Amino acid sequence: MLLNCGQTLPLLSHTDVPARVTESFILSGYRFPNYSLRDCIRSAFRPTNETGNFWTHFLPVFVFAYYFVEAFRWDGVPDADAPFFYPLWTYFIGVFCLLMASSMAHLLNSMSLVVREVCFFVDYGTISAYTVGSSLAYYYYIHPQAGIVEKGNLNGSRLGLSHEHEGALTFYRFFETFYIPCACVIAIICVLSCCNTRQRWREHRYIIRTLVFLLPFLISSTPVFYRLLTRSPYSRTSSSFAASAPMPGFFLRHSLWLLVSAMFNISKLPERLAPGRFDIWGHSHQWFHCCTFLSILDELRMIQAEVRAILLNPDFLLPPSRSSRLPGPTVASTYGVMLLLQTTIVSIITWFSWHANQIYGPQRDQIEKEHPGKHLKKR
Ligand SMILES: [Zn+2]
């Protein structure tokens, strides 16, 4: 035991806890699902099968914040509260909520069967909100027309643009109209599907949850795919071109980490090969957390590379310049979108939580009645 804070509650085997609480191939280290808030917090310092899950998303909050503020230290950047940075902040909110909700879900889920359901509904909700936070950053910083200043009409030849950039003119109209609404709709579909896997389709839950999050990745990344398939909008000799050059590498790494994390989540390796051996440390969910965080770090670097490229190019300033082809970020188009989405997600979570209370409330009351002093079998 790492730290013994007063009375230590016994950990249980998979046969001693309700079937609802068990994880595939994890045989021991379970906390009984009626811990108090205090017991849950204490359990962060004990080797249970959730300890690693908690720390692998809680510590990254600080690592992410450390790298995130880097952009505000560059020379000549606008103030951190300038409209230019609104999308970067919505991205920060998305990542921060995802990491915090995930770590808290793993820490607090043993309070009751109902709390456990709510914790994971919130977890899925924040993952979806994060995908929209990313999309907003992609839209304003990686969008093929992000910050391109209007110098005449929208005729590409008059602007001296290449064929790729004429294509961009058409493409940007698509983004302008559908990109963010699509990202929001997909996020809501993801929350609905993932919350449903806790109440039905149980045997395929890991595959469904993984695939459901592949869809927002594909939709959100369309501006990146477009940029990778066309020429950089920056002149080869410009410092913006140099700043933007590492972007494809970061995106590739971001995608690879996501792929590896999905493989851990679906395969349940390594615990599948040796059930019971990785109950506390080294099981697939911890590797899944580590890989998702590494993918977020590479995504942050990719976004920062593009932010830097825009800032280094005086012709590529986002509004307040009114002549930018892409309307600049506003409170409504960034924080407003996130608020609207979060409100919708909270409504969905409330509905599923109410439903979970109907299902698990009686079971929870029964457990509390049978075991008022908390725990039954010891392991
Ligand atoms: Zn998790």
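This is a dialogue on how to read some features of a predicted model.

User: What share of the chain counts as buried?

Analyst: Burial is read from the number of C-beta atoms around a residue. In this chain of 379 residues, 44% count as buried. Contacts can also be sorted by separation in sequence. Taking contacts between residues at least 6 apart, 79% join residues at least 24 apart.

User: How do I read the packing of two helices, and at what angle do α2 and α3 cross?

Analyst: Look at the distance between the axes and the angle between them. An angle over 145 degrees counts as roughly antiparallel. Helix α2 spans residues 51-68 and helix α3 spans residues 86-108; their axes come within 7 Å and cross at roughly 160 degrees. The two helices are therefore roughly antiparallel to each other. Their crossing is left-handed.

User: Which residues of α2 and α3 meet?

Analyst: On the α2 side they are Asn53, Phe54, His57, Phe58, Pro60, Val61, Phe64 and Phe68. On the α3 side they are Phe92, Val95, Phe96, Leu99, Met100, Ser102, Ser103, His106 and Leu107. Sorted by class, this contact has 12 nonpolar, five polar and no charged residues.

User: At what angle do α6 and α9 pack?

Analyst: The reading goes by axes and angle again. Helix α6 (residues 205-220) and helix α9 (residues 247-267) pack at about 165 degrees, and their axes are 9 Å apart. This pair is therefore also roughly antiparallel. The crossing of α6 and α9 is right-handed. From α6, Tyr206, Ile207, Thr210 and Phe217 meet Leu258, Ala262, Asn265 and Ile266 of α9. The residues of this contact divide into six nonpolar, two polar and no charged.

User: Where does UniProt place the feature "binding site"?

Analyst: An annotation from a record can be set beside the coordinates. The unreviewed UniProt entry places "binding site" at His106, His285 and His289. These positions are spread over 184 residues of sequence, yet they cluster in space, with a largest C-alpha distance of 11.4 Å.

User: Is His106 buried or exposed?

Analyst: A residue with 20 or more other C-beta atoms within 10 Å counts as buried. His106 has 29 such neighbours, so it is buried. His106 lies in helix α3. Leaving aside residues within four places in sequence, His106 is in contact with Glu50, Asn53 and Phe54.

User: Which residues does His289 touch?

Analyst: Not counting residues up to four places away in sequence, His289 touches Asn53, Thr56 and His57. His289 is found in helix α10, residues 284-312. With 25 C-beta neighbours inside 10 Å, His289 counts as buried.

User: Which residues does UniProt list for "transmembrane region"?

Analyst: The unreviewed entry lists residues 52-69, 89-108, 120-141, 178-195, 207-229 and 332-354. Such ranges can be compared with the secondary structure of the model. Residues 120-141 are 100% helix and 0% strand, and the end C-alpha atoms lie 32 Å apart. Residues 207-229 are 96% helix and 0% strand, with the end C-alpha atoms 30 Å apart.

Conventions. Residues numbered from 1 in each chain as written. Predicted model: local features only at pLDDT ≥ 70, side-chain atom pairs only at ≥ 80, totals over all residues. Axes fitted to C-alpha atoms, helices over the stretch in contact; angles between N-to-C directions. Helix = DSSP H or I, 4+ residues; strand = E, 2+ residues; numbered from the N terminus. Parallel < 35°, antiparallel > 145°, perpendicular 65-115°, else oblique. Left-handed = near helix turned anticlockwise from the far one by under 90°. Contact = placed C-beta atoms within 7 Å. Nonpolar A, V, L, I, M, F, W, Y, C, P; charged D, E, K, R; others polar. UniProt positions renumbered as here; feature names shortened; annotations may be inferred. Buried ≥ 20, exposed ≤ 12 C-beta atoms within 10 Å, placed from the backbone.
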